[in-house]
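This briefing goes with the structure shown below. Please read it with the model in view.

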Amino acid sequence: MEPRKEGADARAAIYTRVSKDLTLEGLAVGRQLKDCLALARRKGWRVLDEKFEDNDISAAGGKHRPAYLRLRALMEAGGVDVVVVYSADRLHRNPRELEDWIDLASATGINIHSATNGHIDLSNPDGRTMARVVTAFAAGEVEKTKMRILRKHLELAEAGAWPGQKCYGYTADAQIIPEEAAVIRELAARVLHGEGLNAIARDLGARGIPTARGASWRAASIRNILMSPRIAGLRVHRGKVSAKGQWSAIVSEETSLMLRNRFAPGRATGQIGGPRKHLLTGLLVCSKCGTGMVKCVNGKSKKESYRCPRNVGAAACGGTTIVAAETKAWLAEAAFQFQDARVVGQTEATSEWLEQTGALDARLEEIAADYAVGAIGRSEWQAARAAIERAKSALPVPIVRPRELTTGAMLRSTWDSMAVSVQRAVLDDVFVKVVVMPRRQATGAKSFDARRLVPEWKQ
Ligand SMILES: [Zn+2]
């Protein structure tokens, strides 16, 4: 098509854009508009009332630019004779877009005038080459800016900088929110003990505990919180832990790792392989031959039982059988009580540590007072102080593990709703194995005798 007339009465559309890209920073829309209007005035063009202004949006990504699209539509409809932009790369910062524009310009005969780099004529080969060069440079600038930003992000990630936003447990400036941190620790303990996410969400809702946004708790929101290494004070970059963060942890790195493993794809039940069908298979061991017992139905009583397998050629003797239901119930209750003892033990270890460090701190104060009143000399005081500090740092700090925070009562109340694989995880956390002794003659085949179960406890 023939180029449109660009005479005194040509209709001109002015396109302005403020971009977040740093390359042409500082050129506000007002400034761009002023320069474009000056050019139109010099040429004697009639500037359309309609404003084509995209604000704070980069053309580099495929983002939505309403004014740009409106302008294109107007050109296609023949509603404008000439387009004025501040500089050509404002209009099309990526080469693919420019080619569209060249097609459009040659189809409509409408030219782009730039207030900074002069007239760009897309209707002839030289003009197009010029536009392509300008665009290629602009695209290069965008790419460089992107690289700079990526490098900056990487630098921050490697330095363990706080990512910036508020998240559950932390304020926007990385301060721990105590109430939310307490909820996170509870969530971690309950999940690691196999409680279902939906059940936990319901419980939090029933207790009136708010989420970060005041919405109701969902399984996904709990999973997202617990899967984030941020709660263990770890910085993540591109989905991987990149550094120790410069903020305080809410849970230990060990706990965070266990939680992430628990939620890893394909580990929905925390169990490798398919879901476990029989709770005690392999945990119960035949006392006669040491083989792991398997689920079966007792030939006489027709009750579900565990027995030593009698495999031809194998070492298994097939000589021991025990009824399933009562054994399960007895072991579960034993596990709950063991867990309670563990929690008490943990509390005792912690208070013992606090007591010992407290005593040493008191001793430090005493010798400082002795020195202050002249009862001992400076060198004596320094020597005594050093000895006490050494004793303090030699005290083993008790490590609190999530399992040591879960009471037997918590387990007992949720036991029946747990998946078999989760129940087994609880038992595995308590028992190394449970040896099953032979049936005694005095008790009959039908009655359950707990004395036949000899657990080997885990520490
Ligand atoms: Zn056996």
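Helix α6 (178-192) and helix α9 (residues 253-263) pack at an angle of about 55°, and their axes are 10 Å apart. The model is predicted: local features need pLDDT of at least 70 and side-chain atom pairs count only at pLDDT 80 or more, while totals for chains, interfaces and linings use all residues. Residues are numbered from 1 along each chain as its sequence is written, and side-chain values use heavy atoms, with hydrogens and water left out.

**The helix pair**
- Axes are lines fitted to C-alpha atoms, for helices over the stretch in contact, and angles run from 0 to 180 degrees between N-to-C directions.
- The crossing of α6 past α9 is left-handed (the near helix is turned anticlockwise from the far one by less than a right angle; clockwise would be right-handed).
- On the α6 side, Ala-188, Val-191 and Leu-192 are in contact with Thr-255, Met-258, Leu-259, Arg-262 and Phe-263 of α9 (contact means heavy atoms within 4.5 Å).

- Ala-174 lies in the loop between α5 (125-158) and α6 (178-192).
- Although Ala-174 is not a glycine, it has a positive phi of about 70°.
- Ala-174 counts as buried because its relative accessibility is 15% (buried means under 20% relative accessible area, exposed over 50%, partly exposed in between, with a 1.4 Å probe and protein chains only).

**The zinc site**
- Four protein donors, the SG atoms of Cys-286, Cys-289, Cys-308 and Cys-317, lie 2.2 to 2.4 Å from the zinc ion (donors are N, O and S atoms within 2.8 Å of the metal, or 3.2 Å for Na, K and Ca; water is not among the atoms, so sites may look incomplete).
- The 4 donor atoms subtend angles of 92 to 114°, so the arrangement is tetrahedral (four donors with all angles between 85 and 135 degrees).
- Along the sequence, the donor residues follow the spacing C-x2-C-x18-C-x8-C.
- Cys-289, between β9 (284-286) and β10 (294-297), and Cys-317, between β11 (304-307) and β12 (321-323), are 28 residues apart and link distant parts of the chain.
- Cys-289 counts as partly exposed at 26% relative accessibility, and Cys-317 counts as partly exposed at 31%.

**The whole chain**
- The chain has 13 helices and 14 strands (DSSP runs numbered from the N terminus: helices are H or I with at least four residues, strands E with at least two).
- Of the 459 residues in the chain, 40% are buried.
- Among contacts between residues at least 6 apart in sequence, 64% join residues at least 24 apart.

Definitions and conventions:
Tetrahedral: all angles 85-135°; square planar, octahedral: opposite > 155°, others 65-115°.
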